[in-house]
Amino acid sequence: FPVLLPYDRTNTMKRKVMKMSNNWLIKNNKAVNTYMDEVSQESQFTSHHKGFIKVPVKVLRCIGLSPYEKLILIDLIAYMSDKNLCYPTIEMIARDVGCSSKSIERHIKELADKKMILVSQDRKNNTYHLPNYLHFHPYLLMSEKTYEFIGSVRKQVNERDLTLWVQGMVKRDEYKAFTDRLQRLNERRLPIDKFAEKEILDSYAQFLNTELEKRFPTDLNGQ
């Protein structure tokens, strides 16, 4: 007669859990943009947040914005979606970003001072817009020029030292002065200022080069 073994429900459940856990160890082999589209549309268990937003890399990696400023800006862009404005409460943004409402208020003021967002109080909650000509924004232009410069010298200097140097340069008064020059240009543009941005950014790149040579003379001279 065959011997009947007792059914081990515990081991069966363990095997199922292990099989499910192994799913997270399988590498995705699809192009990430396509994969993210699938993730955004998945609604088998929850369907509250569907879809995704377009955020330029130059915004995501903008050197002149703090991590929380970037998160808040991206969250506002998500609320705007197919519209040109949004009006989430401070508490909604705080939950989304994961910090206190007081911190959100402070960072929103910073974003408004930097003219990365326009804030009006014509309703119960703030109403938020993005500024026109965001692609010419001084913070984005300065950040992108900095990345261009980094790309031209990163093989000549220790990368960690270069990162620390760049972080220090962004905090200097000269960086703010170049940013302010670009800002004033946008506020009072004249017909003769057609190539003014390029001239200011080229001058900034030359400033970076001069300062880098002072900081890393041995690395750049190969001695």
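Ring pairs join Tyr-175, Phe-178, Tyr-204 and Phe-207 into a cluster. The model is predicted. Across the whole structure, a search finds 5 aromatic pairs. One of them is formed by Phe-178 and Phe-207. Their ring centres are 5.8 Å apart, with 45 degrees between the planes. This pair is tilted. It links distant parts of the chain: Phe-178 sits in helix 9 (residues 173-187), and Phe-207 sits in helix 10 (residues 196-215). The two residues are 29 residues apart.

Are Phe-178 and Phe-207 buried or exposed? Phe-178 counts as buried because its relative accessibility is 9%, under the 20% cut-off. Phe-207 is buried too, at 17%.

| Residue | Relative accessible area | Class |
|---|---|---|
| Phe-178 | 9% | buried |
| Phe-207 | 17% | buried |
| Cys-86 | 3% | buried |
| Cys-99 | 15% | buried |

How many disulfides are there? The count comes to 0.

Next come two helices. The axes of helix 5 (residues 90-97) and helix 6 (residues 101-113) come within 9 Å and cross at roughly 100 degrees. Helix 5 is therefore roughly perpendicular to helix 6, since angles of 65 to 115 degrees count that way. On the helix 5 side, the contact involves Ile-90, Glu-91, Ile-93, Ala-94 and Val-97. Helix 6 meets them with Ser-101, Ile-104, Glu-105 and Ile-108. By class, this contact has 6 nonpolar, 1 polar and 2 charged residues.

Terms used:
Residues are numbered from 1 along each chain as its sequence is written. This is a predicted model: local features need pLDDT of at least 70, side-chain atom pairs count only at pLDDT 80 or more; totals for chains, interfaces and linings use all residues. Side-chain values use heavy atoms; hydrogens and water are left out. Rings of Phe, Tyr and Trp (its six-membered ring) pair if their centres lie within 6.5 Å; planes under 30 degrees apart count as stacked, over 60 as edge-to-face and the rest as tilted. Helices (H or I, at least four residues) and strands (E, at least two) are DSSP runs, numbered from the N terminus. Buried means under 20% relative accessible area, exposed over 50%, partly exposed in between (1.4 Å probe, protein chains only). A disulfide is a pair of cysteine sulfur atoms within 2.5 Å. Axes are lines fitted to C-alpha atoms, for helices over the stretch in contact, and angles run from 0 to 180 degrees between N-to-C directions. Angles under 35 degrees count as roughly parallel, over 145 as roughly antiparallel, 65 to 115 as roughly perpendicular and the rest as oblique. Contact means heavy atoms within 4.5 Å. Ala, Val, Leu, Ile, Met, Phe, Trp, Tyr, Cys and Pro count as nonpolar, Asp, Glu, Lys and Arg as charged, and the others, Gly among them, as polar.
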